[in-house]
Amino acid sequence: MDSLVLYSTGFCFIYVAFLLFLPLGISRVWLLVLGFIVGFTVDIFYDTMGIHAAASVLLAFLRPLVLNLLTPRDGYDSGDAVNIHTMGWRWFLAYTFTLVIVHHTAVFFLETISFQTALYTMVKILLSTLFTALVMVILQLLFFSSKRERMDYR
């Protein structure tokens with residue numbers, strides 16, 4: 001985590017990509033379980049006492065609600081994935097920023113448990129959200145296909 005920090009203020013939590021890029025049709029129960037496992041794993045390695053687990057479960061809980069809010073006019077296809085090329089830039093950025101800012105707000109306010117440093121915490125949330133979202137876009141452009149994959153059984 002130390003290598004993805006900008007000036008001790010902007011943090012990139014790359015593990016959030018795992019939760020954001022899961023298939024659209026995953027069940028809510030599995031989503032919550034995976035959110036807890038991923039967050040708890042980060043907590044074990046960084047000794048953060050459940051902060052990342054709580055924030056990841058919150059993200060997993062809100063993900064279906066955000067997907068419902070951002071549903072395209074024609075709905076999602078059964079084979080759609082969270083892909084910037086398939087869903088479009090506006091959809092992907094709205095989806096990513098919404099969930100990442102919720103996650104980061106939970107992480108940083110649970111970390112400080114104080115509103116005395118609220119301005120500094122808000123700056124950390126904003127810079128970390130921008131940094132993480134930028135990395136998410138880069139990951140999408142590097143590792144996800146620009147062509148819609150179709151199964152052909154000929």
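1. Asp 47 is exposed, at 65% relative accessibility. In this predicted model, Asp 47 sits in the loop between α2 (28-46) and α3. Its backbone is worth a look: Asp 47 has a positive phi of about 55° although it is not a glycine. As background, most residues other than glycine have a negative phi.

2. Is Met 49 buried or exposed? With a relative accessibility of 79%, Met 49 counts as exposed.

3. Overall layout. The protein chain contains six helices and two strands. Read from the N terminus, the order of elements is β-β-α-α-α-α-α-α. Of the 154 residues in the protein chain, 38% are buried. Among contacts in the protein chain with a separation of 6 or more, 72% are between residues 24 or more positions apart.

4. The axes of α2 and α3 come within 7 Å and cross at roughly 150°. Angles over 145 degrees count as roughly antiparallel, so α2 is roughly antiparallel to α3. The crossing of α2 past α3 is right-handed.

5. Which residues of α2 and α3 make the contact? On α2 they are Arg 28, Leu 31, Leu 32, Gly 35, Phe 36, Gly 39, Phe 40, Val 42 and Asp 43. On α3 they are Ile 51, His 52, Ala 53, Ser 56, Val 57, Ala 60, Phe 61, Arg 63, Pro 64 and Asn 68. Sorted by class, this contact of α2 with α3 holds eleven nonpolar, five polar and three charged residues.

6. Helix α3 (residues 51-69) also packs on helix α5 (residues 89-112); their axes come within 9 Å and cross at roughly 150°. That angle makes α3 roughly antiparallel to α5. As α3 passes α5, the crossing is right-handed.

7. The α3 side of the contact with α5 consists of Ile 51, His 52, Ala 54, Ala 55, Ser 56, Leu 58, Leu 59, Leu 62, Arg 63, Val 66 and Leu 67. From α5 come Trp 91, Tyr 95, Thr 98, Leu 99, Val 102, His 103, Ala 106, Val 107, Leu 110 and Glu 111. The residues of this contact of α3 with α5 divide into 15 nonpolar, four polar and two charged. Ile 51, His 52, Ser 56 and Arg 63 of α3 take part in the contact with α5 and are also listed in the contact with α2.

8. The loop between α1 (16-20) and α2 includes Leu 24. Leu 24 counts as buried, at 16% relative accessibility. How far apart are Leu 24 and Pro 64 in sequence and in space? They are separated by 40 residues in sequence and by 8.4 Å in space, C-alpha to C-alpha. Pro 64 is one of the α3 residues in the contact with α2.

9. Phe 21 lies in that loop between α1 and α2 as well. Phe 21 is buried, with a relative accessible area of 16%. Leaving out residues up to four places away in sequence, Phe 21 touches Val 82, Phe 92, Met 136, Leu 139, Gln 140 and Phe 144. For Phe 21 and Gln 140, the separation is 119 residues in sequence and 9.2 Å in space, C-alpha to C-alpha.

10. Helix α6 (residues 118-143) contains Thr 129. Thr 129 counts as buried, at 3% relative accessibility. What does Thr 129 touch, not counting residues up to four places away in sequence? Its contacts are Phe 97, Val 100, Ile 101 and His 104.

11. Aromatic pairs. A search of the whole structure finds seven of them. One is formed by Phe 11 and Phe 13, which are stacked at 6.3 Å centre to centre, with 5° between the planes. Phe 11 is buried, at 16% relative accessibility. Phe 13 is also buried, with a relative accessible area of 3%. Ring pairs join Phe 11, Phe 13, Tyr 15 and Phe 108 in a cluster.

Terms used:
Residues are numbered from 1 along each chain as its sequence is written. This is a predicted model: local features need pLDDT of at least 70, side-chain atom pairs count only at pLDDT 80 or more; totals for chains, interfaces and linings use all residues. Side-chain values use heavy atoms; hydrogens and water are left out. Axes are lines fitted to C-alpha atoms, for helices over the stretch in contact, and angles run from 0 to 180 degrees between N-to-C directions. Helices (H or I, at least four residues) and strands (E, at least two) are DSSP runs, numbered from the N terminus. Angles under 35 degrees count as roughly parallel, over 145 as roughly antiparallel, 65 to 115 as roughly perpendicular and the rest as oblique. A crossing is left-handed if the near helix is turned anticlockwise from the far one by less than a right angle, and right-handed if clockwise. Contact means heavy atoms within 4.5 Å. Ala, Val, Leu, Ile, Met, Phe, Trp, Tyr, Cys and Pro count as nonpolar, Asp, Glu, Lys and Arg as charged, and the others, Gly among them, as polar. Rings of Phe, Tyr and Trp (its six-membered ring) pair if their centres lie within 6.5 Å; planes under 30 degrees apart count as stacked, over 60 as edge-to-face and the rest as tilted. Buried means under 20% relative accessible area, exposed over 50%, partly exposed in between (1.4 Å probe, protein chains only).
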